[in-house]
Amino acid sequence: MRESFDVLALGELLIDFTENGASAQGNPLLEANPGGAPCNVLAMLQKLGKRTAFVGKVGRDMFGAQLREAAESAGICMDYLLEDAHVHTTLAFVKTFPNGDRDFSFYRDPGADMMLRSDELPLEAIKKARIFHFGTLSMTHPDVRFATRKAVTVAKEAGALISFDPNLRPPLWYDLEEAREQIAWGLSRCDILKIADNELEFMTGETDFDKGAARLRESYPNIKVLNVTAGADGSYSYTGGRRVFVPSFRLGGTIETTGAGDTFCACVLNYVLEHGADKLSEIEVTDMLRFANAAAYLVTTRKGAIRSMPEREQVEEILANN
């Protein structure tokens, strides 16, 4: 067992069932892709040569075994993945539209990822992480929410940078006001934020990215690196008092967008590990976003997430040729 990690993430590990053609009878064929935002992030970080570990829970079932094998094959330390003997692994069914956008249907009431308890946390491993990453799917229900908050607190007290991706999935919340409260808690604790355009509007009421980001920076001065992803348009960074925009790579071949935001997030964390989160220059922020956008584009040309992360050389080839 490795003693320390560049990034340790906590949260959901699940199966994304995505459409993959039709049967002879005309029924949709579904492919069981290993996924879950936190592990997607770690899978890309492994491609970039970083040491990662995951904390979470799956069911003691065929899907839980598939997820463990996929994550271990990606190089992620899964020593802290627990199994629930009574609650099945969470499943997500993904409907992909012609423009690449998605609609999710979750089988998760309950799902094993919700069953993680605070007394099951690997506190010593959390204390040794350079970056601790989390989202809000591990904050939808009381027990796993308490575990998430405890893990964030322990990591922060140990000196780790805190990375947060709201990853808002409205169908998983009984009350969206509760979702807003939990996202606000995450915003108040993080050093590095990746927030999508719809989540920025959800939290600030602003459709103008500059105004929304300004409201977040005013309310949460703890955020050192604030990035807004705008899908096919590109990404923005409001870091060190600067506003940097980098357009996306529109090179064709997009199949679906599952995992693109997580890939982007991973590349940002990789850049922070290599350059720090303080005093990034405009050139550095631009380089960070270009690399993250290129990697995210490559993932949109493939199905799935954990097994679809590009190699560093593939990202660099996109950058060199565009």
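Colleague: Which residues line the second largest pocket?
Modeller: This is a predicted model, where local features need pLDDT of at least 70, side-chain atom pairs count only at pLDDT 80 or more, and totals for chains, interfaces and linings use all residues. Residues are numbered from 1 along each chain as its sequence is written, and side-chain values use heavy atoms, without hydrogens or water. A pocket is an open set of points on a 1 Å grid, fitting a 1.4 Å probe, with protein on both sides within 12 Å along at least five of seven lines; lining residues have an atom within 4 Å of a point. The lining is Cys 267, Asn 270, Tyr 271, Glu 274, Asp 287, Met 288, Arg 290, Phe 291, Ala 292, Arg 312, Glu 316 and Leu 319.

Colleague: How much space lies in the second largest pocket?
Modeller: The volume is the space filled by probe spheres set on the grid points. For the second largest pocket it comes to about 170 Å³.

Colleague: Is Thr 90 buried or exposed?
Modeller: Thr 90 sits in the loop between β5 (77-84) and β6 (91-96). Beyond neighbours within four places in sequence, its contacts (heavy atoms within 4.5 Å) are Leu 14, Ile 15, Tyr 107, Arg 108, Gly 111, Ala 112 and Asp 113. Its relative accessibility is 1%, so it falls under the 20% limit: Thr 90 is buried.

Colleague: Which side chain makes a polar contact with the side chain of Thr 90?
Modeller: A polar contact pairs N or O atoms within 3.5 Å, one able to donate a hydrogen and the other to accept it. The Thr 90 side chain has such a pair at 2.4 Å, and its partner is the side chain of Asp 113.

Colleague: Which side chain makes a polar contact with the side chain of Lys 57?
Modeller: Lys 57 lies in strand β4 (residues 52-59) and is buried, at 4% relative accessibility. Outside its sequence neighbours within four places, it touches residues including Leu 81, Asp 84, Arg 117 and Glu 120. Its side chain also reaches the backbone oxygen of Met 115 at 3.2 Å. The side-chain partner, at 3.1 Å, is Glu 120.

Notes:
Helices (H or I, at least four residues) and strands (E, at least two) are DSSP runs, numbered from the N terminus. Buried means under 20% relative accessible area, exposed over 50%, partly exposed in between (1.4 Å probe, protein chains only).
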